[in-house]
Amino acid sequence: MAGGADHGRMERWCWGAGSVVVIVYALIPVAWILSLSLKRSADLGDNRLFPQVVSLEHYAAVFRDPQFSAALWNSLGIAGISTLVAVLLGMFAAYAVVRLEFPGRRVILAAALSIAMFPPVSIIGPLFNIWRTVGLYDTWAGLILPYITFTLPLAIWILSAFFREIPWDLDKAARVDGATPLKAFVFVIAPLAAPAVFTAAILVFMFAWNDFLFAISLTSTNDARTVPAAIAFFTGSSRFQQPTGSIAAASVVVTLPIIIVVLIFQRRIVAGLTAGAVKG
Amino acid sequence: MSEIELRKVSKRFTGATAVKRANFTIRDGEFFILVGPSGCGKSTLLNMIVGLEDVSEGEIRIDGQRVNELDPKDRNMAMVFQSYALYPHMSVRENMAFPLKLAKLSNPEIDRRVARAAQILELDEYLDRRPRALSGGQRQRVAMGRAIVREPRAFLLDEPLSNLDAKLRVQMRTEIARLHNRLGTTTVYVTHDQTEAMTLGDRIAVLRKGEVLQIGTPRELYERPRNLFVAGFIGSPAMNFLPARRAEGRRTTPNGGGPGKVR
Ligand SMILES: Nc1ncnc2c1ncn2[C@@H]1O[C@H](COP(=O)(O)OP(=O)(O)O)[C@@H](O)[C@H]1O
Ligand SMILES: [Mg+2]
């Protein structure tokens with residue numbers, strides 16, 4: 001018995017130690033950026049993890065810069081709209097793929113996946129030319145479109161895997177209870193799929209929010225430039241100064257929304273919501 | 001209240017025929033049973049009546065009106081599924097109110113009907129629980145409740161008791177019979193259990209491999225089965241079969257068993 005308890009404590013200790021290692025490994029760069037963003041300009045090169053004096057001068061500078069506020073607004077709008085559209089389209093597509101018998105439904109899933117595999121960098125050149133011709137260059141739509149294209153397959157996959165788990169009988173019951181197919185979807189299936197919807201939403205949002213490639217290639221002004229691209233255009237206060245502090249502060253600022261979004265949605269990602277639908 | 005008429009109704013899935021020329025009428029207010037072994041097409045037949053499956057051939061009429069092309073939502077029938085199919089994200093109250101909300105009834109009317117159904121089914125205490133916090137028998141009752149609040153033209157039940165343990169099954173069987181007596185609504189009840197069929201039904205249709213073999217009251221099926229399959233399927237303990245020969249208007253069995261009149 002005592003041996004068993006020892007064993008259990010040992011195991012817990014190993015898990016704990018392992019978790020700490022992983023967390024430290026993942027968070028050191030973040031901590032470093034945070035530390036840089038809080039140092040005074042003069043201390044940036046002092047090779048210390050903890051700032052000698054905590055100063056918010058870089059944050060103040062970043063928010064004084066109209067370029068950054070514009071980029072923040074662009075990022076929020078573009079990522080938000082992309083998420084909304086991709087998840088909505090993904091829901092309808094996944095539902096159709098799972099619930100309807102039509103020729104080529106398997107092909108659709110495979111094709112969707114192959115789009116997700118497609119290296120974005122290979123279409124950047126042509127896209128740049130096309131967007132300039134059709135007037136989408138340096139617009140919100142010009143970024144939203146490729147973001148939806150590249151995240152929709154993932155959304156469809158996540159959602160269709162989840163829809164498959166929702167008992168068919170619930171659709172049927174709703175139809176017999178007097179619902180149109182759309183109402184059955186809205187009132188019964190969609191609420192049950194909420195955890196998957198939030199998962200898909202987080203992933204789409206992160207893709208759009210973090211994207212640098214499309215943002216740097218397809219924008220040129222504050223009209224549509226998002227934060228990751230805008231940070232690359234930061235300059236120091238004189239041309240002999242590196243904008244290290246401002247970049248660090250801006251990075252911290254743009255990381256916050258992601259953390260908040262994940263924390264909010266994580267609470268909603270509760271598995272087992274369908275428990276009790278069937279006999280159980 | 002309604003009469004359900006099937007006119008040579010067939011259902012073909014790719015490859016197989018699930019229902020072959022079913023041709024019978026379920027009378028107004030009747031408790032009608034579809035019984036047969038698993039896979040004989042009972043559920044398919046029920047789903048065609050309620051509109052969840054298209055009819056491949058033939059015609060279904062409800063009160064004389066052809067309904068083949070009618071969407072389930074426009075047939076005003078209520079169905080109880082084997083899995084109960086309760087909406088897991090809704091409370092018992094919301095589950096029962098759902099069809100009424102879709103029918104756009106006023107809130108007081110919805111409350112009144114839900115309360116009445118809850119009272120009939122003794123669910124008052126559980127109205128605010130989610131289905132997962134209920135026992136099997138209670139879930140079954142909620143499914144019944146969701147059906148009766150509608151005051152539908154017909155109840156369709158697809159093996160409603162087969163997920164319950166034996167004792168509860170007998171109890172719920174009585175309750176369903178009581179409910180039918182009280183409401184008098186046309187009921188079509190699918191089961192593979194001949195005991196349920198014999199004890200509940202006004203009339204029974206015995207199916208095998210998509211074919212309706214015989215339709216009759218429990219007594220008719222028991223006393224005058226039309227073929228060996230029906231004879232063997234109905235009755236508990238099962239009927240004994242003896243090979244026999246017919247000679248001179250009498251029948252004899254090889255072991256010389258008692259002679260009797262040939263029917
Ligand atoms: N969607 C379907 N596609 C193909 N075959 C089906 C489908 N649904 C049912 N079947 C077949 O039709 C037959 C009858 O099924 P069903 O009505 O569910 O039987 P029961 O309810 O009597 O057990 C079975 O052989 C089954 O395999
Ligand atoms: Mg069945």
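At what angle do the axes of helix α3 (residues 66-99) of chain A and α6(A) cross, and within what distance do they come? The crossing angle is roughly 40°, and the axes come within 6 Å. This is a predicted model.

**Helix packing in chain A**

Angles under 35 degrees count as roughly parallel, and 65 to 115 as roughly perpendicular. α3(A) and α6(A) are therefore oblique to each other. Their crossing is right-handed. By class, this contact has 22 nonpolar, 6 polar and 1 charged residues.

Helix α6 (residues 140-163) of chain A also packs against helix α4 (residues 105-117) of chain A. Here the angle is about 135°, with the axes 8 Å apart. That makes α4(A) oblique to α6(A). α4(A) passes α6(A) in a left-handed crossing. On the α4(A) side, the contact is made by A:Leu109, A:Ala112, A:Leu113, A:Ile115 and A:Ala116. α6(A) contributes A:Thr149, A:Phe150, A:Pro153, A:Ile156, A:Trp157 and A:Ser160. The class count is 9 nonpolar, 2 polar and no charged residues.

**A helix pair in chain B**

Helix α4 (residues 136-148) of chain B and helix α5 (residues 166-183) of chain B have axes that come within 11 Å. They cross at roughly 15°. α4(B) and α5(B) are therefore roughly parallel to each other. The crossing of α4(B) past α5(B) is right-handed. From α4(B), the residues in contact are B:Gly137, B:Gln140, B:Arg141, B:Met144 and B:Ile148. They meet B:Leu168, B:Gln171, B:Met172, B:Glu175, B:Ile176, B:Leu179 and B:Leu183 in α5(B). This contact has 7 nonpolar, 3 polar and 2 charged residues.

| Helix pair | Crossing angle | Axis distance |
|---|---|---|
| α3(A) and α6(A) | roughly 40° | within 6 Å |
| α4(A) and α6(A) | about 135° | 8 Å apart |
| α4(B) and α5(B) | roughly 15° | within 11 Å |

**Between the chains**

The size of an interface is often given as the accessible area lost when the parts come together. Chain B and chain A bury about 2,300 Å² between them. Of that area, 62% is on carbon and sulfur atoms. The contact takes 27 residues from chain B and 25 residues from chain A.

How many salt bridges are there between chain B and chain A? The count is 3. A:Asp177 forms a salt bridge with B:Arg150. In that pair, the closest N and O atoms are 3.6 Å apart.

Terms used. Residues are numbered from 1 along each chain as its sequence is written. Chains are lettered from A and ligands numbered from 1 in the order in which they are written. This is a predicted model: local features need pLDDT of at least 70, side-chain atom pairs count only at pLDDT 80 or more; totals for chains, interfaces and linings use all residues. Side-chain values use heavy atoms; hydrogens and water are left out. Axes are lines fitted to C-alpha atoms, for helices over the stretch in contact, and angles run from 0 to 180 degrees between N-to-C directions. Helices (H or I, at least four residues) and strands (E, at least two) are DSSP runs, numbered from the N terminus. Angles under 35 degrees count as roughly parallel, over 145 as roughly antiparallel, 65 to 115 as roughly perpendicular and the rest as oblique. A crossing is left-handed if the near helix is turned anticlockwise from the far one by less than a right angle, and right-handed if clockwise. Contact means heavy atoms within 4.5 Å. Ala, Val, Leu, Ile, Met, Phe, Trp, Tyr, Cys and Pro count as nonpolar, Asp, Glu, Lys and Arg as charged, and the others, Gly among them, as polar. Buried area is the accessible area (1.4 Å probe) that two parts lose on being put together, summed over both. A salt bridge is a side-chain nitrogen of Lys or Arg within 4 Å of a carboxyl oxygen of Asp or Glu.
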